Amino acid sequence: MKQERKMHFQEGRRAQQQLESGFKQLENSKRKFERDCREAEKAAQTAERLDQDINATKADVEKAKQQAHLRSHMAEESKNEYAAQLQRFNRDQAHFYFSQMPQIFDKLQDMDERRATRLGAGYGLLSEAELQVVPIIAKCLEGMKVAADAVDAKNDSQVLIELHKSGFSRPGDVEFEDFSQPMNRAPSDSSLGTPSDGRPELRGPGRSRAKRWPFSKKNKTVASEDFSHLPPEQQRKRLQQQLEERNRELQKEVDQREALKKMKDVYEKTPQMGDPASLEPRITETLSNIERLKLEVQKYEAWLAEAESRVLSNRGDSLGRHTRPPDPPSSAPPDSSSNGSQDNKESSEEPPSEEGQDTPIYTEFDEDFEEPTSPIGQCVAIYHFEGSSEGTISMTEGEDLSLMEEDKGDGWTRVRRKQGGEGYVPTSYLRVSLN
């Protein structure tokens with residue numbers, strides 16, 4: 001309609017320009033007729049004056065009369081041209097105002113009426129859609145109100161504690177160091193500031209104990225590949241995640257190698273389908289990736305075994321040191337890792353390792369504890385799935401889940417249940433909608 005409106009206005013401007021051009025031609029012919037009439041009158045007066053002059057020759061009189069006759073003839077032609085131009089302009093002007101412009105205005109009116117009709121229909125559809133959506137929005141708001149009323153702060157805090165518990169144990173009492181007796185003193189394992197090599201710590205102007213408090217912002221540690229900078233429980237979880245990720249990558253590379261070998265066999269049996277030698281670089285690259293991933297898996301398995309042994313050995317030491325173990329959470333959420341049920345029973349404390357005596361017991365409280373991962377979408381379980389293998393989680397048909405990580409090509413998707421459990425389920429068992 002915008003283009004149609006532009007076309008009608010262009011048509012009106014063209015008709016107006018034609019009328020203006022005709023009016024200019026009319027003015028030009030009018031001025032020419034006026035000029036020729038003055039010249040003819042002047043020539044007639046000159047001829048009459050010479051005719052009455054007795055001193056004028058006959059030749060001069062005849063010449064003046066001929067000039068007057070010529071000017072009179074030119075004035076008559078200009079008059080006829082002006083009359084014709086005037087008649088033509090009046091006809092064009094009448095056609096412009098009585099025919100062309102009314103037609104253009106009628107077209108604009110029809111176009112605007114059609115525009116108004118379409119706008120009315122659009123507003124009607126908009127109103128119908130809004131009326132249909134209002135109940136849905138009201139239902140959503142009711143659900144939000146119910147969810148807000150159902151917030152359980154204590155349970156949420158317990159979920160967060162289980163997710164981010166450090167595994168450190170409380171330090172024992174600081175022993176008295178008697179500097180008046182020149183003797184070797186055995187170091188106390190429970191002392192916060194006693195060095196691990198058994199030598200007494202020297203006091204002096206240039207040497208002071210490092211403060212090791214949970215909320216201190218000093219002595220930040222640098223992230224390491226084995227996550228030794230994290231608390232023991234967090235280190236074990238991160239190592240478990242890295243190991244599962246490496247295993248998935250390794251399985252993917254193995255599957256790709258098998259596929260390439262099958263394709264090579266087909267090429268060898270049917271040469272017209274392809275050259276078997278062209279697959280050798282990809283097979284070599286895949287084998288290299290498999291060897292690299294195997295080494296990484298072995299490395300993470302060793303680190304994980306060491307971390308788990310420290311957690312298990314620390315549990316007995318922590319129980320023997322304290323008269324009463326910490327109370328377990330009232331509602332501990334299920335863990336998506338393979339040792340989830342055992343981890344909920346373990347104490348959330350572990351003494352610092354021997355190699356960490358010269359560094360703070362606690363790292364930066366606000367920065368080293370990770371924030372809970374936000375879901376990237378929602379999904380619904382299409383089928384029931386029993387998560388019996390390592391790293392998987394069970395779900396029931398029709399259950400709403402939070403999407404934590406998309407399928408990376410291995411056919412598994414990481415989800416979180418409303419009860420707090422998190423793990424992997426088959427992607428084909430889900431109907432996914434990303435945020």
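Q: Why is glutamate 34 called partly exposed in this predicted model?
A: Its relative accessible area is 44%. Buried needs under 20% and exposed needs over 50%, so glutamate 34, a residue of helix H1, counts as partly exposed.

Q: What makes glutamate 34 and arginine 38 a salt bridge?
A: The N to O distance between their side chains is 3.1 Å. The cut-off is 4 Å, so the pair qualifies. The two sit four residues apart in helix H1, so about one helical turn separates them.

Q: Why do residues with that kind of spacing in a helix end up on one side?
A: An α-helix has 3.6 residues a turn, so residues three or four places apart point the same way.

Q: How do you know that glutamate 27 and arginine 31 form a salt bridge?
A: Their closest N and O atoms are 4.0 Å apart, and the rule asks for within 4 Å, so the pair is counted. Both lie in helix H1, four residues apart.

Q: What about glutamate 405 and arginine 414: are they buried or exposed?
A: Both are buried, and their side chains meet in a salt bridge at 3.1 Å, N to O. Salt bridges with shared partners tie Glu405, Lys408, Arg414, Arg416 and Glu422 into one network. By the salt-bridge rule the count comes to 19.

Q: How do you know that the length of helix H1 makes sense?
A: Helix H1 covers residues 2–52, which is 51 residues. At 1.5 Å a residue they should span 75 Å, and the end C-alpha atoms are 76 Å apart, so the two agree.

Q: Which residues of H1 are buried, and what do they pack against?
A: The buried ones include His8, Leu19, Leu26, Phe33 and Ala47. The buried residues of H1 pack against helix H2, residues 58–149.

Q: What makes glutamine 242 buried?
A: Its relative accessible area is 17%, and the cut-off is under 20%, so glutamine 242 counts as buried. It sits in helix H4 and touches Phe227 and Tyr300, leaving aside residues up to four places away in sequence.

Q: Which residues make up the largest nonpolar core?
A: There are eleven: Phe227, Leu230, Leu239, Leu243, Leu250, Ile290, Leu293, Val297, Tyr300, Leu304 and Ala307. Helices H4 (232–269) and H5 (280–321) are the elements that give two or more residues to this core. H5 gives the most, with six.

Q: What does leucine 293 touch?
A: Not counting residues up to four places away in sequence, leucine 293 touches Arg246, Glu249, Leu250 and Glu253.

Q: What does the whole chain look like in secondary structure, and how much of it is buried?
A: The chain has seven helices and five strands. Of its 435 residues, 27% count as buried.

Methods. Residues are numbered from 1 along each chain as its sequence is written. This is a predicted model: local features need pLDDT of at least 70, side-chain atom pairs count only at pLDDT 80 or more; totals for chains, interfaces and linings use all residues. Side-chain values use heavy atoms; hydrogens and water are left out. The expected span of a helix is 1.5 Å times one less than its number of residues. Buried means under 20% relative accessible area, exposed over 50%, partly exposed in between (1.4 Å probe, protein chains only). Contact means heavy atoms within 4.5 Å. A nonpolar core is a set of buried Ala, Val, Leu, Ile, Met, Phe, Trp, Tyr and Cys residues joined through side-chain atoms within 4.5 Å.
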